[in-house]
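Trainee: I would like to learn how to read a protein model, one feature at a time. Where do we start?
Mentor: We start with the whole chain and then go to the details.

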Amino acid sequence: MDLFGMGPGEILIILVVALLVFGPERIVDVGRSLGRFSRRVSQAGRDFTRALEEEVDSSKAPQQVQKPAEKPQGQQQSR
């Protein structure tokens, strides 16, 4: 299982260092903050993608207007 190109051993080392730097009391708050930040970044990415897709769709819409049906050339209007 690779997470961001890191194996389980590397992730464990990062967690131990974080525990030593922040301490056991603050590590939970840091984790929550990282989770919130991750959710916000994810939501912003989805919103950006959705807005971009809508913009592309709206710019294609005028090009897809159907032309009126032309009369066959063999038939002429009668007077």
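**Reading the chain, feature by feature**

Mentor: Of the 79 residues in the protein chain, 6% are buried. Keep in mind that this is a predicted model.

Trainee: How much accessible surface does the protein chain have, and what share belongs to carbon and sulfur atoms?
Mentor: The accessible surface is about 7,900 Å², and carbon and sulfur atoms account for 59% of that area.

Trainee: Is Phe-22 partly exposed or buried, and why?
Mentor: Buried means under 20% relative accessible area, and exposed means over 50%. Phe-22 has 34% relative accessibility, so this residue counts as partly exposed.

Trainee: How many salt bridges are there?
Mentor: The general idea is a side-chain nitrogen of Lys or Arg within 4 Å of a carboxyl oxygen of Asp or Glu. By that rule there are two salt bridges.

Trainee: Which residue forms a salt bridge with Arg-32?
Mentor: The partner of Arg-32 is Asp-29, and their closest N and O atoms are 3.3 Å apart. About one helical turn separates Arg-32 and Asp-29, because they are three residues apart in helix 1. Arg-32 is partly exposed at 45% relative accessibility, and Asp-29 is partly exposed at 41%.

Trainee: Which residue does Arg-50 meet in a salt bridge?
Mentor: The side chain of Arg-50 meets that of Asp-47, at 3.1 Å from N to O. Arg-50 and Asp-47 are three residues apart in helix 1, so about one helical turn lies between them. Arg-50 counts as partly exposed at 43% relative accessibility, and Asp-47 counts as partly exposed at 34%.

Trainee: Which residues lie nearest the centre of the largest pocket?
Mentor: Ile-11, Ile-14, Leu-15, Ala-18 and Leu-34 lie nearest its centre, out of 11 residues that line the pocket. By class, the lining has 10 nonpolar residues, one polar residue and no charged residues.

Conventions:
Residues are numbered from 1 along each chain as its sequence is written. This is a predicted model: local features need pLDDT of at least 70, side-chain atom pairs count only at pLDDT 80 or more; totals for chains, interfaces and linings use all residues. Side-chain values use heavy atoms; hydrogens and water are left out. Buried means under 20% relative accessible area, exposed over 50%, partly exposed in between (1.4 Å probe, protein chains only). On a 1 Å grid over the protein atoms alone, a cavity is a set of points where a 1.4 Å probe fits but cannot get out, and a pocket is an open set with protein on both sides within 12 Å along at least five of seven lines; lining residues have an atom within 4 Å of a point. Ala, Val, Leu, Ile, Met, Phe, Trp, Tyr, Cys and Pro count as nonpolar, Asp, Glu, Lys and Arg as charged, and the others, Gly among them, as polar. Helices (H or I, at least four residues) and strands (E, at least two) are DSSP runs, numbered from the N terminus. Accessible areas come from the Shrake-Rupley method with a 1.4 Å probe; for residues, only the protein chains shown count as cover.
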